[in-house]
Amino acid sequence: MHQHCSTRLWFKNSSVGALQPPVPIVEEATPSPAMAADLPLYQLLLLLLLLVPLFFLLSTRRRAPNAQRLPPGPWALPVIGHLHHLAARGLPHRAMRDLARRHGPHLMLLRFGEVPVVVASSPAAAREVMRTHDAAFASRPMSPMSRLWFQGADGILFAPCGDAWRQLRRVCTQELLSARRVQAFRPVREDELRRLLHSVAAASGRRPVNLTESFKTYIADSTVRAIIGSRRLRDRDAYLRMLKGLFAIMPGMSLPDLFPSSRLAMLLSRAPASILAYRRSMRLIMDGIIQEHRDRTPAAADDDDEEDFVDVLLRLQKEADSQFPLTTENIKTVMLDIFGASTETSSTTLDWAMAELLRNPRTMEKAQREVRQSLAGRRGTATEDALADLHYLRCVVKESLRLHPPATMLVPRQCQAPRRVLGLDVPAGTTVLVNAWAIGRDPAHWDDPDRFSPERFERSGARDFRGADFEFIPFGAGRRICPGMAFGLAHIELALAALLLHFDWSLPGGTPAEELDMTEAFGIATPRRHDLWVVAVPRVPVPEN
Ligand code: HEM
């Protein structure tokens with residue numbers, strides 16, 4: 001399949017395809033049969049050389065009714081395909097937006113090594129992929145490195161669409177990340193928030209605080225507590241380092257993933273050995289956690305609301321009917337999936353939101369006014385009951401996710417059966433990326449798209465991110481939409497409200513707001529290039545307990 005697609009693509013974009021038949025020149029150069037008889041041999045050969053490609057071009061055109069109409073794309077090189085276009089243009093979501101503007105504003109076909117990739121860059125194309133043809137595009141590509149990592153226990157995040165994924169998706173939406181379970185973890189969130197506030201308060205007024213690091217700790221500790229019931233994840237820092245290293249290999253850009261049919265790529269690349277080493281070490285940590293949970297007295301996990309994710313998964317493993325048993329390997333993958341999907345996305349969103357507020361002091365003032373008026377007298381701090389009244393704060397979070405969706409290109413999908421999308425053919429097996437970042441900044445759908453303006457979400461009928469408005473899709477849409485939205489937003493809104501309530505904020509050394517560097521870095525959740533160092537001045541005392 002790959003072979004077939006890439007061959008077509010190369011032909012389509014090769015110089016033969018690009019230089020359309022210059023008809024007048026061909027007509028001038030085409031002699032009559034009588035003339036041909038007088039021509040010397042080399043001129044005849046030249047004529048043949050001109051006519052043969054023309055013949056093929058016309059015969060392809062005549063076959064047009066049955067031929068595939070593939071999405072357009074820029075010119076490709078042999079072997080590497082379009083990778084050079086990306087290498088020359090900085091971060092992938094920006095490079096692909098720029099390429100799409102010139103070559104395929106809705107759909108664009110690229111080739112990464114051997115792998116055909118379609119990029120959807122408009123709300124119309126995103127709607128086709130994630131609503132009209134949702135079932136056909138609901139799978140994920142399984143690259144050689146993913147296969148090595150999962151070894152049959154695919155989990156949920158990167159799992160191809162099938163019965164095993166469906167079962168785990170149900171476990172996620174109905175058990176692990178249901179509204180009731182998110183609510184049950186409220187004391188954990190509030191406790192971790194207190195730690196965050198105390199660490200900021202301890203430094204405030206005296207030295208700048210690294211908020212980027214504080215956010216990472218807050219989200220990671222709260223997520224770990226939800227998963228394993230304790231913040232004592234053995235080898236936590238080593239684990240986080242491994243996760244980072246793993247995500248640097250996994251997004252399909254290693255040599256074996258770019259050339260899946262090549263054994264040489266597998267032999268030359270260091271990725272397979274790294275994947276296996278990470279797999280061994282990370283699963284060892286998971287084994288320890290699972291064993292501890294199995295060894296616990298049943299009474300310890302008796303109360304439904306006290307269960308952590310591992311308790312739930314082990315309970316379901318016992319209860320599950322035998323058609324799709326929940327294997328221990330699968331439980332480990334789900335633990336890793338949830339940790340990986342939750343931590344970077346939520347902490348990066350918090351980081352961007354605070355950075356935008358610092359860069360836009362009037363917006364910061366307005367959000368603080370709302371928070372302080374609304375929370376005045378309520379237990380002296382931010383609690384989750386109060387969040388429902390913070391309409392402007394919610395708009396701040398939405399605007400931040402519009403400008404800085406952590407998953408800029410969502411999570412890759414794969415086309416399972418050939419589909420015609422907006423009049424163009426997407427062959428089965430094609431990887432599909434949706435450029436959510438470009439869609440959120442598209443001037444055809446957003447006024448002044450690069451400006452941070454939460455007010456745009458205050459208007460009635462404003463867009464929402466729950467998968468119905470395809471101009472705004474930071475959590476994706478359709479059957480693979482993020483099931484952790486409520487869990488993530490609960491952390492983000494609570495922390496923002498509390499930080500705006502208790503402190504006033506400025507940049508170290510009196511740096512003017514507009515000089516805050518907002519450059520993005522390459523990373524699994526597209527973080528800011530530099531950590532966010534800030535000065536916090538206490539306004540409302542942080543309660544002791
Ligand atoms: C700001 C926070 C977050 C953002 C922006 C985000 C974004 C996304 C996106 C774009 C996808 C892919 C959707 C698609 O393919 O259409 C996704 C999938 C997923 N997310 Fe999130 N996410 C966030 C937080 C979380 C949290 C906190 C959790 C878990 C606690 C989580 C768990 C998952 C899982 C398990 C999937 C895979 C779903 C599947 O493939 O069926 N996410 N997320």
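Start by selecting α19 (328–359), which gives the most to the shell around the ligand, with six residues. Helices here are DSSP runs of H or I of at least four residues, numbered from the N terminus. The model is predicted, with local features needing pLDDT of at least 70 and side-chain atom pairs pLDDT 80 or more, while totals for chains, interfaces and linings use all residues. Residues are numbered from 1 along each chain as its sequence is written, and side-chain values use heavy atoms, without hydrogens or water.

Of the 28 residues around the ligand, Arg-140, Arg-169, Arg-413, Arg-480 and Cys-482 come nearest.

Now show the polar contacts (pairs of N or O atoms within 3.5 Å). A polar side-chain atom of Arg-413 is 2.6 Å from a ligand oxygen, and an N or O atom in the side chain of Arg-140 is 2.8 Å from a ligand oxygen. At Ile-156, a backbone N or O atom lies 3.4 Å from an oxygen of the ligand.

Then move to the largest cavity, with a volume of about 110 Å³. Trp-149, Phe-158, Leu-246, Phe-247 and Asp-337 are the closest to its centre among the 13 lining residues. A cavity is a set of points on a 1 Å grid over the protein atoms alone where a 1.4 Å probe fits but cannot get out, and lining residues have an atom within 4 Å of a point. Return to α19 here: five residues, the largest share of this lining, come from α19.

Technical notes:
A residue is near a molecule or strand if one of its heavy atoms lies within 4 Å of it. A polar contact is a pair of N or O atoms within 3.5 Å; within protein, one must be able to donate a hydrogen and the other to accept it, and residues adjacent in sequence count only if both atoms are side-chain atoms. Helices (H or I, at least four residues) and strands (E, at least two) are DSSP runs, numbered from the N terminus. On a 1 Å grid over the protein atoms alone, a cavity is a set of points where a 1.4 Å probe fits but cannot get out, and a pocket is an open set with protein on both sides within 12 Å along at least five of seven lines; lining residues have an atom within 4 Å of a point. Grid points are joined across faces, edges and corners, and a volume is the space filled by probe spheres set on the points.
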